[in-house]
Amino acid sequence: MDGVIARRATLDEIFQVRWDVLRAGCPVEAARFPGDDAPETILVGAFVGERNVSCATATRAQWEGRPAWQLGGMGVVADWQKRGVGQRVLATLEDLVRRASDVRQIWCNAREEAVAFYEKQGWVLASERFQVEGVGPHFKMTKTL
Ligand SMILES: CC(C)(COP(=O)(O)OP(=O)(O)OC[C@H]1O[C@@H](n2cnc3c(N)ncnc32)[C@H](O)[C@@H]1OP(=O)(O)O)[C@@H](O)C(=O)NCCC(=O)NCCS
């Protein structure tokens, strides 16, 4: 993990990885998220030298009718998965979110195969299993920051 830096990033810096890892084979619009351009949105990337190897996004989106943050677009390129990069990016994003406002609730739509990853970072299941068209089975998960 030496040489891997997780930091706040621009959409341009992380967009290709988001598209490749999370919307492979889909048109470019599928990789654009509501809130990408909102001023409060927080984008994080991990970089090995110049290369972007991971991405994550936090946008403001209500949870159960109350102010909250939504995590989306959490991905790590295949050759860097299972090496601690995702954990580092998520911890960095959570830290930035904590410092950005008083809102402590964060949630996400987690792919079924990623649930154990989020649980290791203290997230908990908050829904039944549901399908996202074209992506697969998901669960809602939450964390209090
Ligand atoms: C899911 C993903 C973001 C995890 O990132 P990562 O860099 O591979 O994970 P890390 O190496 O930081 O793993 C942190 C911990 O979670 C565990 N973990 C990671 N992915 C896991 C998985 N799919 N199932 C079970 N445990 C997992 C690791 O073993 C590690 O545990 P440890 O701390 O006991 O060693 C990444 O694998 C990925 O991009 N997958 C494909 C896209 C995807 O599914 N994104 C999530 C969309 S909701």
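Strand 7 and strand 8 form a hairpin with three residues between them, and G134 in the turn has a positive phi of about 80°. The two strands are antiparallel and are joined by three bridges. Strands here are DSSP runs of E with at least two residues, helices are runs of H or I with at least four, and both are numbered from the N terminus. Two strands pair if DSSP finds at least two bridges between them.

This is a predicted model, in which local features need pLDDT of at least 70, side-chain atom pairs count only at pLDDT 80 or more, and totals for chains, interfaces and linings use all residues. Residues are numbered from 1 along each chain as its sequence is written.

Strand 8 covers residues 136–144.

| Partner of strand 8 | Bridges | Direction | Example of bridge partners |
|---|---|---|---|
| Strand 5 | seven | antiparallel | R111 and H138 |
| Strand 6 (residues 124–125) | two | antiparallel | L125 and M141 |

G136 itself is found in strand 8. With 10 C-beta neighbours inside 10 Å, G136 counts as exposed. Leaving aside residues up to four places away in sequence, G136 touches R111 and E112. Contact means that the C-beta atoms of two residues, placed from the backbone, lie within 7 Å. From C-alpha to C-alpha, G136 and R111 are 7.2 Å apart in space, while 25 residues separate them in sequence.

**The chain as a whole**

The chain has three helices and eight strands. Their order from the N terminus on is β-α-β-β-β-α-β-α-β-β-β. The C-alpha trace spans about 40 × 35 × 30 Å along its principal axes. For 145 residues, a compact globule would have a radius of gyration near 15 Å, and the 14 Å of the chain agrees with this. That radius is taken over C-alpha atoms, and the globule rule is 2.2 Å times the number of residues to the power 0.38. Of the 145 residues, 30% count as buried. Among contacts with a separation of 6 or more, 64% come from residues 24 or more positions apart.

**Core and helix 1**

The largest nonpolar core has 31 residues, of which V44, A56, A58, L71, V89, L93 and M141 touch the most other members. Two or more residues come from each of helix 1, strand 2, strand 3, strand 4, helix 2, strand 5 and strand 8. Helix 2 gives the most to this core, with five residues. Such a core is a set of buried Ala, Val, Leu, Ile, Met, Phe, Trp, Tyr and Cys residues joined through C-beta atoms within 7 Å.

In helix 1, the buried residues are I14, F15, V17, R18 and W19. They pack against strand 2 (42–48), strand 3 (51–60) and strand 4.

**Around the ligand**

Of the 19 residues around the ligand, Q81, G86, Q87, A116 and F117 come nearest. The elements giving two or more residues to this shell are helix 1 (11–22), strand 4 (69–76), helix 2 (85–100), strand 5 (105–111) and helix 3 (115–120). The shell divides into nine nonpolar, five polar and five charged residues. Here Ala, Val, Leu, Ile, Met, Phe, Trp, Tyr, Cys and Pro count as nonpolar, Asp, Glu, Lys and Arg as charged, and the others, Gly among them, as polar.

**Two loop residues with positive phi**

E64 lies in the loop between strand 3 and strand 4. Its phi is near 50°, a positive value in a residue other than glycine. E64 is exposed, with 9 other C-beta atoms within 10 Å.

K82 sits in the loop between strand 4 and helix 2. K82 is not a glycine, yet has a positive phi of about 65°. K82 is exposed, with 9 other C-beta atoms within 10 Å.

Note on methods
A residue is near a molecule or strand if its C-beta atom, placed from the backbone, lies within 6 Å of it. A residue is buried if 20 or more other C-beta atoms lie within 10 Å of its own, exposed if 12 or fewer, and partly exposed in between; C-beta atoms are placed from the backbone.
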